Amino acid sequence: MARRAARGVALASAALTLAAGTSLGGAASAAPSGPTGQAKHAETIEQLPYPVDRSNNAGWWTPLDVVDGVTYMAFDAPAAEASRHEVHVAAKGADGAWTVGCLRAGDGSCATFLDDSGHDQPSIVVDGEGTIHAFVSMHHVPWQYYRSTTPGDVTSLVDASADLPDQGVPMTYPVTARGADGDAYVMVRGGRDEATVRDGRLYRFDTATSTWSRVAVFASGVGASVYPDDLEVGTDGRLHVLWEWHRWAAGPYRHLGSYAVYDPADDSWHDAAGAALTTPIAPSAGGAVVYQPFAEGESLATDAPTVQTAKLAVTGDELAGVVYRYAGAKADGTADRFDVRFARFDGTAWQRETVIDAESLGNGVDTVAALDATSAAGVTRAYAVVQGTVDGQVRTQVVRAERGDDGGDWRFAGLGDVQPGQQRLAARTIRTGASAGTDVLYVSAAESGPTSGTLFHARVPRTGTPLAGSPLEDVVAGVRGDDPGTPEPTGNLALGGTVTASSALRADTGGAKAVDGLLTDDSRWVSSADDATPTLTVAWDDAAPVASVRVHSGYRAAVDPASAVLRDFTVELHTAAGWVEVGAVTGNTSGTVTVATPGVTADQVRLVVTDPSASETDVARVFEVEVLAAG
């Protein structure tokens, strides 16, 4: 099969499929437009409609790929046997429909793997021919690798471990990427414990020959272990490679955050300044290789100061920077609280700064080992997770920090709601097509206790300028258990507004019921059964900036409450330029849907329902439409 260029990356508009009462953010929208038509910073979040094992919880893996309008997400799924899991790959097509398949054992059954939370999560990559590659449950074990037999088919992954070089070497932490030419890459740590070495290795799958080969043992040192962090491919085809070091054999507190560039065109390696490197790169390389050097008193033999988890932001063919966690040392030599830092190479030296200062989060709230970074359209983003404990319950919040490539202050926003238990994330940026610059996120959440986890798919568009943002303390207020404040009735622009409804089932289910502030079965707008496109319009006196629109729908007394909520609908705001669609929701199963519309100034809202419900009596049932004023 002849090699061809990697396929363009694009995504169709996402549908919302939220399990009732279990939303990450309750937010679903297309990128809304203001009066000038400029897209706003509105995210789309949906929960995958599949069971997820709570072991699906690591910060270093690459479980997400986006190609040809399809999103691929790999995750641990529950297995019948205790303390084991299956690995499933879900794909969301351009039409918004999900499909899923498990990795198959030789007898055709779903393969199972031992739980090892934080270590054994799957990494995937889709090559330029559409073949799906999955590296799974690899924590100091020989290759465990599966490959699809049919391009793009998540139901066709079978064991192909024997196709990899270096059989028998224990491998850990697979991190994947797709080359500009469509080849697939995986970076791993290989174990040679008899020599007190755990080195960094890079392998390539050649789509022209369908074979794997070892590119290089790119980093190695006696008495040292490599921790792979990230791989990103620039538009020029070069691979940006990120890792950190620890004294042999393993541990949570690492050092010497390191970066190099591999050029497959001539099989060469270079540092951030462009100087040639000889592999394997040693811990003593220093210079432009090391974005976070040793502090005073620090060595591979100490615990702190320490680096822990890092991700690359690459824009075009250039490195925008590295986002990583860093902690200083306490007086007793143990690690202090972890900040989130950003390092960039200015052409001469690495410059480092703090994005999230752990002390600013307040007592009992800290960052965790879950990061990612992206850069496109003049805006660089750092994604992180902060965690706290309230009344014995772990609570976490995904935080987005962003700024323009010309510098300036970082601006903050939360992504989704506070979740019980741990959260981890991964991010990819759509590079081409109408959605270019949009980030696609994989967010896993595992509740405290022996319960299953959840998995969310999110899209966060860019406009070319950073979001307005909120103070970081406000973004993390819910993690601390602070009440961020519920808008008072005066903050709901639609409350008591002037209503026009396309129909009503009865005289006591008119449109005014949707803006009376009550969320009861006796106070709902219910459309007539013969209204194919129920529409509700609410007007208020003066145009005002709108922060979000909340739609509460359903029937509390239903046997299946999810069947009574609005299925497909759009939310529109009336601006000085006319009606603008700010959210499109399909396949909904949640009683409350929030459409974020930061800064859109409007004097009316319109709800257009194209699929009222999944119930036998197919009518629109709306408890309330809230329009929350910005500021």
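**Terms and their grounds**

Tutor: Leaving aside neighbours within four places in sequence, Phe-569 is in contact with residues including Val-551, Val-593, Leu-607 and Thr-610; contact means heavy atoms within 4.5 Å. This is a predicted model, in which local features need pLDDT of at least 70 and side-chain atom pairs count only at pLDDT 80 or more, whereas totals for chains, interfaces and linings use all residues. Residues are numbered from 1 along each chain as its sequence is written, and side-chain values use heavy atoms, with hydrogens and water left out.

Student: What makes Cys-102 and Cys-110 a disulfide?

Tutor: A disulfide is a pair of cysteine sulfur atoms within 2.5 Å. The sulfur atoms of Cys-102 and Cys-110 lie 2.1 Å apart, so the pair qualifies. The link is left-handed, with -80 degrees about the S-S bond.

Student: Why is Cys-102 called buried?

Tutor: Buried means under 20% relative accessible area, exposed over 50%, and partly exposed in between (1.4 Å probe, protein chains only). Cys-102 has 4% relative accessibility and therefore counts as buried. Cys-110, at 25%, is therefore partly exposed.

Student: How do you know that β28 and β29 pair?

Tutor: Two strands pair if DSSP finds at least two bridges between them; strands are DSSP runs (E, at least two residues), numbered from the N terminus. Strand β28 (residues 393-404) and β29 share eight bridges in the antiparallel sense, so they pair. Val-399 has Gly-414 in β29 as its bridge partner.

Methods
Helices (H or I, at least four residues) and strands (E, at least two) are DSSP runs, numbered from the N terminus.
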